[in-house]
Amino acid sequence: MAAMPPLDDQSRTSPLPECIFPWLRAVVALGFISFFASVSLLFLLTYKLVSWQIKSKRTNQFVILIFNLLWADMQQALAFLLNVEWLRLGIVEVENPICFAQGWLVSTGDLGSGVWCFVIGLHTFASVILDFRLRPKYFYATIVALWVFILGVSSIGIGLHADNLYVRSGVWCWIHHDLLDLRLWTHYVWIFIFEFGNVLVYLTIYTMLITRIRSGYYTPDEARRVKSISNLMVAYPLVYVVCTIPLASARMAAMSGSPPSLKRLCLSGAMITSNGWLDVLLYTLTRRIMIFSDEPPAENMGIDTFAAFWAEKPRRFGGECTISATPTSNTRRRARSRVKSPSSGESSDDLCFSHNLVMSTKDIHLVTTTEVKSEPAAPEDYEEMGEMECRKRPRSPVGRWSEESGALSFKMEELSRLGTPR
C-alpha cells in the first residue's frame, strides 16, 4: 500500500466562504432535480421490465441500457446532493463519513455515466446502421463486465490508499490533489475517451444517414423523417459533452498548476450534476416509444424507435374510395361520388358499410372504379392504436359477444331496409 500524502490547507477540514453558499445551493438544487428525475424514471422502467417479462417473456435491450444509465446518473446526482451536509455544517469535514461516500459516488457516477452514454451510442449505431444486436446471453454478460470495469477502476485508489483518499477538494470531497496520476488514469482519461467516443459514434451515424438519404436509400416520406432523426442525433453527444467538459477541464487546469476558483468549480459541478435530469428529458422525449410502450418493443425496429418531437406528424392510416356510376334515368348523366374513410379510429367494416350504402341506391347499376390508398404507420400510430385497443377491449367475454351481436344486428337491419342492390 502506497504512502498517503499529508493533509494540507487545500485538503484538510475547512469552513466554506460565505460568498460560495448561493453557488453551492444551486449545485444541491440541480443535484436534487437530477436525483428525483432519475429515480422516478428508474422506478417506471423497473415496472415496465417486470410487466413485460411476466406478460411477454421478453424485454428490450435499449430499455435495459437506459436502466443502467439511470443507475449511474442517480449515483452522480446523489454525490452532489450530499453537498447539503456541508451547507448545513458550514464546513467541508474530512473526518465525516459523508466525505468518503461523496468521493466514491463522484468516481463511480462520473465514470458510469460516461460508460453507459458511450455504450448506448454503440448500440444505436449497431441497430440503426448495421441492423445488428447481441444475443441475450452476450448482451447481459457485457452489462456485468461493464459494471465490473466501473467499480474496479473506481476501487483502484481505495486499494492503493485506504486512508485519506477522499479529502476536501474545493467545495466537496474527492481524490487528494497530490495523487495526480490516480486522478488522471482512473477518471479523466476515461472521461475524455467517452466524450470523444460519443462524438465520433454519433457523427458516424449522422454521416451515414445523410449519405443514405442522398443516395435514394429511403422513400421520400421516409427520407423526411430520417432527416429529422439525423438532426436529433446531434443532441445525444452534445448533452454529455456540455455537461462533463467544464468540470473535467477545471480539474485538468488544477493539475497543471492553475486551480480554478470556487465559483467556477460550483458552476462546473452544477453542469455535471445536470446530466441526470437532461438524460431523462432527452430520452423520454426522443425514445418515448421504447420507454412508455405497454408491450416490449421489437428489437428490429431500429430507426423507428426515434421520435423527433419538433417534426410534423405524418398522416394516419386512411382509405379513399372513388366510385363512378351511371344512373338509370333517360338522361344517362354520369354520377361520381367520393367516399373517404376517416383516420385509424374507424375500421374497414365502416368503409365497406359506406360502400354498400352507396351501391344500394336504385340509380346505380355499375361500379367502375374502386381505389384504396394507404400509408405506412409511423411510431406515433402504434401508440395511438395501442391506446384505442385498450379502450375498446371488453371487460369480459360476455361483453365482447354482446357488442359484436349488437353491431351485426344493426347492420342486418340496415341492409334489409335498404334492399339488395341491383
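A residue counts as buried under 20% relative accessible area, as exposed over 50%, and as partly exposed in between. The model used here is predicted.

**Exercise 1.** Determine whether Phe196 is buried or exposed, and state in which helix Phe196 is placed.

*Solution.* Step 1: Phe196 belongs to helix α6, which covers residues 180–214. Step 2: its relative accessible area is 59%. Step 3: exposed requires a value over 50%, therefore Phe196 is exposed. Step 4: 41 residues away along the chain is Pro237, and the C-alpha atoms of Phe196 and Pro237 are separated by 9.0 Å.

**Exercise 2.** Classify the packing of helices α2 and α5 by angle, and identify the residues that make the contact.

*Solution.* Step 1: α2 (residues 61–81) and α5 (residues 136–160) pack at about 10 degrees, with axes 11 Å apart. Step 2: angles under 35 degrees count as roughly parallel, so α2 is roughly parallel to α5. Step 3: their crossing is right-handed. Step 4: α2 contributes Gln61, Ile64, Leu65, Asn68, Trp71, Ala72 and Gln75, while α5 contributes Phe139, Tyr140, Ile143 and Trp147. Step 5: these contact residues comprise 8 nonpolar, 3 polar and no charged.

**Exercise 3.** Describe residues 139–162 and 188–209, both listed by UniProt under "transmembrane region" in an unreviewed entry.

*Solution.* Step 1: residues 139–162 are 92% helix and 0% strand, with end C-alpha atoms 34 Å apart. Step 2: residues 188–209 are 100% helix and 0% strand, and their end C-alpha atoms lie 32 Å apart.

Key: Residues are numbered from 1 along each chain as its sequence is written. This is a predicted model: local features need pLDDT of at least 70, side-chain atom pairs count only at pLDDT 80 or more; totals for chains, interfaces and linings use all residues. Side-chain values use heavy atoms; hydrogens and water are left out. Axes are lines fitted to C-alpha atoms, for helices over the stretch in contact, and angles run from 0 to 180 degrees between N-to-C directions. Helices (H or I, at least four residues) and strands (E, at least two) are DSSP runs, numbered from the N terminus. Angles under 35 degrees count as roughly parallel, over 145 as roughly antiparallel, 65 to 115 as roughly perpendicular and the rest as oblique. A crossing is left-handed if the near helix is turned anticlockwise from the far one by less than a right angle, and right-handed if clockwise. Contact means heavy atoms within 4.5 Å. Ala, Val, Leu, Ile, Met, Phe, Trp, Tyr, Cys and Pro count as nonpolar, Asp, Glu, Lys and Arg as charged, and the others, Gly among them, as polar. UniProt positions are given in the numbering used here, feature names are shortened, and annotations may be inferred rather than shown by experiment. Buried means under 20% relative accessible area, exposed over 50%, partly exposed in between (1.4 Å probe, protein chains only).
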